[in-house]
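Here are some notes for reading this entry. Please keep the sequence and the structure open while going through the points.

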Amino acid sequence: MVLPRDPRFIATVDAIGRKLVRNGRIMRYTADDDFGAPETAFLACNFWYIDALAAIGRRGEACELFNGLLDRRNPFGLLSEDIHPVTGALWGNFPQTYSMAGIINSATRLSKKWEDIWCRVSS
């Protein structure tokens with residue numbers, strides 16, 4: 001089992017950041033396909049990357065990316081499947097369950113633990 005402290009895990013997260021980040025957004029892939037080069041970033045990948053950054057201790061970077069995605073929600077708080085890395089426009093299926101689940105999972109990972117807050121207040 002590879003753990004977040006494992007150098008292989010950290011190297012993988014770093015490689016993803018180097019190869020797939022476009023203007024602060026994580027692309028699913030960058031190679032041309034039947035439609036040419038991908039133009040939009042798959043939001044589920046962005047949330048997975050945020051979770052990976054938090055797991056390896058790069059919480060500040062993870063929070064910054066997370067807040068940037070929250071800023072792109074529509075007035076109802078919803079996200080689509082993809083986001084354009086330059087314009088921030090929401091693309092694809094809307095609303096997208098994977099994106100909404102990503103918000104919940106990343107928010108849970110980035111939040112302070114209930115037990116930690118309770119212990120400090122009650123001490």
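**Notes on the fold and on helix α2**

1. From the N terminus on, the elements of the protein follow the order α-β-β-β-α-α-β-β-α-α. That gives five helices and five strands. Please keep in mind that this is a predicted model.

2. Overall dimensions come next. The C-alpha trace spans about 60 × 40 × 25 Å along its principal axes. The protein has 123 residues, and 35% of them count as buried. Taking contacts between residues at least 6 apart in sequence, 46% join residues at least 24 apart.

3. Three of them form an open sheet in the order β3-β4-β5, and the pairing is antiparallel. β3 and β5 (90–91) are the edge strands, each pairing on one side only. Between β4 and β5 there are two bridges, again in the antiparallel sense. Opposite W91 in β5 stands D82.

4. Does the length of helix α2 agree or disagree with what its residue count should give? The helix covers residues 43–55, which is 13 residues. The expected span is 1.5 Å times one less than the number of residues, so α2 should span 18 Å. Its end C-alpha atoms are 19 Å apart, which agrees. After the helix comes G57, whose phi is positive, near 90°.

5. Is α2 mostly covered or mostly open? It is mostly covered, with eleven of its 13 residues buried. Buried here means under 20% relative accessible area. The buried residues are L43, A44, C45, N46, F47, Y49, I50, D51, A52, L53 and A54.

6. Two packed helices are described by the angle between their axes and the distance between the axes. For α2 and α4, the axes come within 8 Å and cross at roughly 10°. Angles under 35 degrees count as roughly parallel, so α2 is roughly parallel to α4.

7. Which residues make this contact between α2 and α4? From α2 they are L43, A44, F47, I50, D51, A54 and A55. From α4 they are Y98, S99, G102, I103, N105, S106, R109 and L110. By class, the contact has nine nonpolar, four polar and two charged residues. Of the α2 residues in the contact, L43, A44, F47, I50, D51 and A54 are among those that are buried.

Key
Residues numbered from 1 in each chain as written. Predicted model: local features only at pLDDT ≥ 70, side-chain atom pairs only at ≥ 80, totals over all residues. Heavy atoms only, no water. Helix = DSSP H or I, 4+ residues; strand = E, 2+ residues; numbered from the N terminus. Buried < 20%, exposed > 50% of the residue type's maximum accessible area, 1.4 Å probe, protein only. Axes fitted to C-alpha atoms, helices over the stretch in contact; angles between N-to-C directions. Parallel < 35°, antiparallel > 145°, perpendicular 65-115°, else oblique. Contact = heavy atoms within 4.5 Å. Nonpolar A, V, L, I, M, F, W, Y, C, P; charged D, E, K, R; others polar. Pairing = 2+ DSSP bridges.
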